[in-house]
Amino acid sequence: MTTYQLPPICILGLGLIGGSLMRDLTISNERVFGYTMHGARAAQRDGFDVSDNMEEVLRRAEADNALIVVAVPMAAVASVLDQVASFAPTCDITDVVSVKERVYDLIVERDMQGRYVGGHPMAGTEFSGWSASHEGLFEGAAWAVTYDYAREGLADDHWAALFTTVCRLASVVGAEAVPVRVSLHDESVARVSHLPHVIAEALSLVGDRGGTLAQSLSAGSFRGATRVASTEPELVRNMCETNADSLVPVLDEFIELLQAARTSLADDPASMKQLAESGNRAYLRMAARKGARRESVSPVKISSRPVMRVHPGAPGWVRQLEQVESLGGRVEVF
């Protein structure tokens with residue numbers, strides 16, 4: 001008899017993230033099916049259990065007591081949650097949307113917070129759609145898992161079990177569960193995910209204005225810095241506009257640094273000393289935190305993230321999550 005690590009998984013939206021999740025769960029022999037508006041036939045041809053009928057898929061999720069994964073753009077989340085309320089009213093819910101506070105607000109509006117644990121895998125490429133999905137996308141990635149409901153003192157045994165399931169979902173596909181509150185999540189991704197998109201778009205415009213000669217001379221530093229500008233504009237808009245409250249202050253911070261660099265470069269003599277040295281130190285700190293231990297020759301996978309074993313629902317477990325969140329660490333549930 002097959003032993004599963006997870007309940008049946010129903011993925012709503014099979015683009016890069018949802019599609020890659022379906023592929024990884026399938027090769028892990030978990031039960032997974034899903035819905036997509038675009039690309040259903042392609043996914044079916046590839047051998048996956050996919051439909052373009054939302055009501056049908058949700059009724060099946062309800063019958064199977066499946067965990068629903070919302071993997072649609074933020075603009076579609078409200079509509080999807082309304083359909084979940086209609087056709088799968090007892091199913092537990094998680095998501096992989098790149099902002100968390102806006103999603104949580106929609107969850108609270110529908111009184112779904114007792115059966116919802118938010119998620120966001122920090123993985124992706126500049127490509128989109130089912131055709132861009134692939135196995136192994138989440139290997140070693142941080143998978144943010146929200147715990148605001150527990151921090152508010154509202155979590156019961158069912159919610160603790162759901163938190164455990166979402167952490168295990170991340171683990172099954174090779175990711176590392178990182179506990180985070182929704183507001184801290186959105187401020188952090190504004191810095192390390194959404195701001196880079198703004199910069200890449202602007203840098204692409206500056207490079208393009210140099211004409212064919214500038215294009216001919218562009219090298220790896222320019223290509224690396226502008227890579228994400230090849231992302232579909234609608235996806236970039238969706239990420240940045242829905243997280244504008246967190247992104248605007250971070251953008252102000254970035255502009256202030258640029259303005260200071262401009263001022264020092266306009267001096268006589270011109271100087272790039274302060275930004276170059278402080279930026280290099282910041283990069284080395286981040287690199288050390290993120291990958292200092294990845295040069296190990298050990299065959300055992302070693303993560304650079306501090307780890308804490310947590311038993312959801314046990315006394316003091318929320319305090320443990322707060323601790324590991326403050327370290328940017330990961331949780332292993334038992």
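Mentor: Before we dig in, a definition: a crossing of two helices is right-handed if the near helix is turned clockwise from the far one by less than a right angle, and left-handed if anticlockwise. Also, keep in mind that this is a predicted model.

Trainee: Okay! So is the crossing of helix 8 and helix 12 left-handed or right-handed?

Mentor: That crossing is right-handed. The axes of helix 8 (residues 182–208) and helix 12 (residues 244–266) come within 9 Å and cross at roughly 60°.

Trainee: Which residues make the contact?

Mentor: On helix 8 they include Ala190, His194 and Leu195, and on helix 12 they include Leu247, Val250 and Phe254. Sorted by class, that contact has 8 nonpolar, 2 polar and 4 charged residues.

Trainee: And how do helix 5 and helix 8 cross?

Mentor: Their axes come within 8 Å and cross at roughly 150°. Angles over 145 degrees count as roughly antiparallel, so helix 5 and helix 8 are roughly antiparallel to each other.

Trainee: What touches what there?

Mentor: Glu101, Arg102 and Tyr104 of helix 5 meet Val182, Ser183 and Asp186 of helix 8. By class, that's 2 nonpolar, 1 polar and 3 charged.

Trainee: Switching to the sheet: what's the strand order?

Mentor: It's an open sheet of 5 strands, ordered 3-2-1-4-5 with parallel pairing. Strand 3 (50–51) and strand 5 (92–95) are at the edges with a single partner strand each, so one side of each has no neighbour in the sheet.

Trainee: How many bridges join strand 1 to strand 4?

Mentor: There are 4 bridges, and the two strands run parallel. Isoleucine 9 stands opposite leucine 67 in strand 4.

Trainee: Which helix lies across those strands?

Mentor: Helix 4 (residues 74–87) lies across strand 1, strand 4 and strand 5, at about 165° to strand 4.

Definitions and conventions: Residues numbered from 1 in each chain as written. Predicted model: local features only at pLDDT ≥ 70, side-chain atom pairs only at ≥ 80, totals over all residues. Heavy atoms only, no water. Axes fitted to C-alpha atoms, helices over the stretch in contact; angles between N-to-C directions. Contact = heavy atoms within 4.5 Å. Nonpolar A, V, L, I, M, F, W, Y, C, P; charged D, E, K, R; others polar. Pairing = 2+ DSSP bridges. Parallel < 35°, antiparallel > 145°, perpendicular 65-115°, else oblique.
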